[in-house]
Amino acid sequence: MNPLCSRCNRVVYPTEKVNCLDKYWHKGCFSCEVCKMTLNMKNYKGFEKRPYCNAHYPKTSFTSVADTPENLRLKQQSKMQSQVLYKEEFEKNKGKGFSVVADTPELQRIKKTQDQISNIKYHEDFDKGRMGGEGPPQHPHPQTPQKNTPPAYQPSAASQNYHFEPEPVRQAAAAPPPSSGKHYRAVYDYTAADEDEVSFLDGDMIMDVQQIDEGWMYGRVERTGQQGMLPANYVEAI
């Protein structure tokens, strides 16, 4: 059975049928809803399953809302509710271990030291698994600093444990002995990254060295006379 035309509701025969916008039309009835201009499949534009020409195609537009006193009051109320919810969430999370820490120069130095130590240990473990040797320092030097011999703590041999037993106790102390008097030689160049650090070159003699912790020492560069902190894996004992 032949369908009916969506415009004139008359029977549409196959010779004059236009199937578009999920409807059937006579060729003469397929026209713009506004100006009634006859359209075809190339120049029509559909909107809500109705054909339009390009000039009369409905354009979507945004509705402007006037700043009436009522709208301003609702806007202010929404803003206040947002602030209340924020304060409630802040108070809920206040006692859950969150704390604001000031980014002071001292904290930055400690963070930098921890990053260097972590990087050194990572390379040590990587090279130990690959060739059984000690890892390089953070800077890409081809050799391994002599200071990184503390893996001697790990073996279970009694002689090695006795030899290194005093060292962990000294590292955990609040301050190193003031008169250690140890001498070290630099095996790499190092440029100070902070005010309390000291720069030196490969081969420089480091005098009056005191151990601070596992990764840092305090000493005086004989060539320049400067004193300060230096990374332990950049020097070796004499």
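Strands here are DSSP runs of E with at least two residues, and helices are runs of H or I with at least four residues, both numbered from the N terminus. Welcome to a predicted model, in which local features need pLDDT of at least 70, side-chain atom pairs count only at pLDDT 80 or more, and totals for chains, interfaces and linings use all residues. Residues are numbered from 1 along each chain as its sequence is written, and side-chain values use heavy atoms, with hydrogens and water left out.

**Overall fold**
- The protein has four helices and nine strands, arranged along the sequence as β-β-β-β-α-α-α-α-β-β-β-β-β.
- Of its 238 residues, 25% count as buried (under 20% relative accessible area; exposed is over 50%, partly exposed in between; 1.4 Å probe, protein chains only).
- Among contacts (heavy atoms within 4.5 Å) between residues at least 6 apart in sequence, 36% join residues at least 24 apart.

**Around G228**
- G228 sits in strand β8, which covers residues 227-231.
- With a relative accessible area of 1%, G228 is buried.
- Setting aside neighbours within four places in sequence, G228 touches D196, E197, V198, M217, Y218 and G219.
- G228 and D194 lie 34 residues apart in sequence, with their C-alpha atoms 9.8 Å apart in space.

**Cysteines**
- A search of the whole structure finds zero disulfides (pairs of cysteine sulfur atoms within 2.5 Å).
- The closest cysteine sulfur to that of C35 belongs to C32, and at 3.7 Å it is too far for a bond.
- C35 is partly exposed at 36% relative accessible area, whereas C20 is buried at 4% relative accessibility.
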